[in-house]
Amino acid sequence: MYKRQAARRAASAARLGRLAERAKRAGDALRVANRVAPWTLEKVGVSAQHGGGAELVARVGRLFRVAVDLGTGAGRITLCGDLAGGAVTPAGGAAFAAAVAGAPRAWSETSPEACGGDAAAVLQRVAPALRRAEGVLAEAEQCRAAFPRITRVRCTAGGDMELTFADLQTERKVRVALTMARGAYPRGALRPRVAVEHAGATAGPYESRGAGAGVGSRALPDAAVIEAAIERVPAGEASRRLLGVCRLVDWIVARGEQGV
């Protein structure tokens, strides 16, 4: 009996040794890849979720963590739990980015994301969407800086981005909500919802309202017209569509029907 127990212990130790060696080789290879890849390798160890197999954990951008079983390619994506030390903007940005990326989520060894057990291929497959999800937050901040009429940007855990535009000269305030969850941004249907909170006063087509106005302040178009115009904004290159949407709405808030 003692011999059998010793044999089992020896076999288990040998198996763990092989797993450790495999993990080390994979880790060394991915550390080299880190120099050009959009992720940072955090650790390589033994997985508690996949039967004790070797697992690597990589951080993609600032917000996401990806764990991949080195034998099967099965894995999971989670939102990093250590974000409390640094603010994520706009407000609600971390949960919003998770909704845009469809995280948290997991896949089995039979899923396409498993890539036949090739861990580098798994990361290559999932990392771009995670980076795009985080990039929307940076684009929102660019919009806030580029368009002073944007007075508020708020993100929801359901993947909606809400932007408020206000123009003091024309006494207008318009709120726009866009749906970006699960890959809808940048090329999908944004399903815009527009609310005109203050329509302002309107001047004649050739009148100027106050010094520096430069053009007549025409009536705002209906919310449905603005929504249809937003949907027509082309996606173009990734991470630029929101700038196009904000440029359009900013123009409409300033110039009314002339801006459509």
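Visitor: Leaving aside neighbours within four places in sequence, which residues is Phe64 in contact with?
Guide: This is a predicted model, where local features need pLDDT of at least 70, side-chain atom pairs count only at pLDDT 80 or more, and totals for chains, interfaces and linings use all residues. Residues are numbered from 1 along each chain as its sequence is written, and side-chain values use heavy atoms, with hydrogens and water left out. Contact means heavy atoms within 4.5 Å. On that basis Phe64 touches Ala58, Arg59, Ile77, Thr78, Leu79, Cys80, Ala97, Ala98, Ala101, Ala103, Leu130 and Ala133.

Visitor: Is Phe64 buried or exposed?
Guide: Buried means under 20% relative accessible area, exposed over 50%, and partly exposed in between (1.4 Å probe, protein chains only). Phe64 has 0% relative accessibility, so Phe64 counts as buried.

Visitor: What separates the C-alpha atoms of Phe64 and Arg131?
Guide: Phe64 is in strand β3, residues 64–69. Along the chain, Phe64 and Arg131 are 67 residues apart. Their C-alpha atoms are separated by 8.9 Å.

Visitor: In what order do the elements of the protein chain run?
Guide: Helices (H or I, at least four residues) and strands (E, at least two) are DSSP runs, numbered from the N terminus. The protein chain has 5 helices and 9 strands. From the N terminus on, the order is α-β-β-β-β-α-β-α-β-β-β-β-α-α.

Visitor: Among contacts between residues at least 6 apart in sequence, what percentage join residues at least 24 apart?
Guide: The protein chain has 260 residues, and 43% of them count as buried. For the contacts asked about, the share is 53%.

Visitor: In the open sheet of 5 strands, what is the strand order?
Guide: Two strands pair if DSSP finds at least two bridges between them. The pairing in this sheet is antiparallel, in the order β1-β2-β3-β4-β5.

Visitor: Which are the edge strands there?
Guide: An edge strand here pairs on one side only. That holds for β1 (39–46) and β5 (105–107).

Visitor: Which residue in β2 is the bridge partner of Thr40?
Guide: β1 and β2 (residues 54–60) run antiparallel and are joined by 7 bridges. In β2, the partner of Thr40 is Arg59.

Visitor: Why is one side of β6 and of β9 left without a neighbour in the sheet?
Guide: The sheet is open and antiparallel, with 4 strands in the order β6-β7-β8-β9. β6 (150–155) and β9 (193–198) stand at its edges, so each has a single partner strand.

Visitor: What angle does the direction of helix α5 make with that of β7?
Guide: Helix α5 (residues 241–255) packs on the sheet and touches β6, β7 and β8 (172–179). Axes are lines fitted to C-alpha atoms, for helices over the stretch in contact, and angles run from 0 to 180 degrees between N-to-C directions. The angle between α5 and β7 is about 30°.

Visitor: Which residue in β7 is the bridge partner of Val153?
Guide: β6 and β7 (residues 160–167) pair in the antiparallel sense over 5 bridges. Cys155 stands opposite Met161 in β7. For Val153, the partner is Leu163.

Visitor: In the hairpin of β7 and β8, which turn residue has a positive phi?
Guide: These strands pair in the antiparallel sense over 8 bridges. Phe165 has Val174 in β8 as its bridge partner. The hairpin has 4 residues between the strands, and a positive phi of about 55° belongs to Glu171.

Visitor: How far is the backbone nitrogen of Gln169 from a polar atom of the side chain of Asp167?
Guide: Asp167 is in β7, and its relative accessible area of 7% makes it buried. A polar contact is a pair of N or O atoms within 3.5 Å; within protein, one must be able to donate a hydrogen and the other to accept it, and residues adjacent in sequence count only if both atoms are side-chain atoms. Here the distance is 2.9 Å.

Visitor: How far apart are the end C-alpha atoms of helix α3?
Guide: The expected span of a helix is 1.5 Å times one less than its number of residues. Helix α3 (residues 119–146) has 28 residues, so its span should be 40 Å. The model agrees, with its end C-alpha atoms apart by 40 Å.

Visitor: Where in α3 does the kink lie?
Guide: The bend at a residue is the angle between axes fitted to the seven residues ending there and the seven starting there. In α3 a kink of about 30° comes shortly before the proline Pro128, at Ala127.
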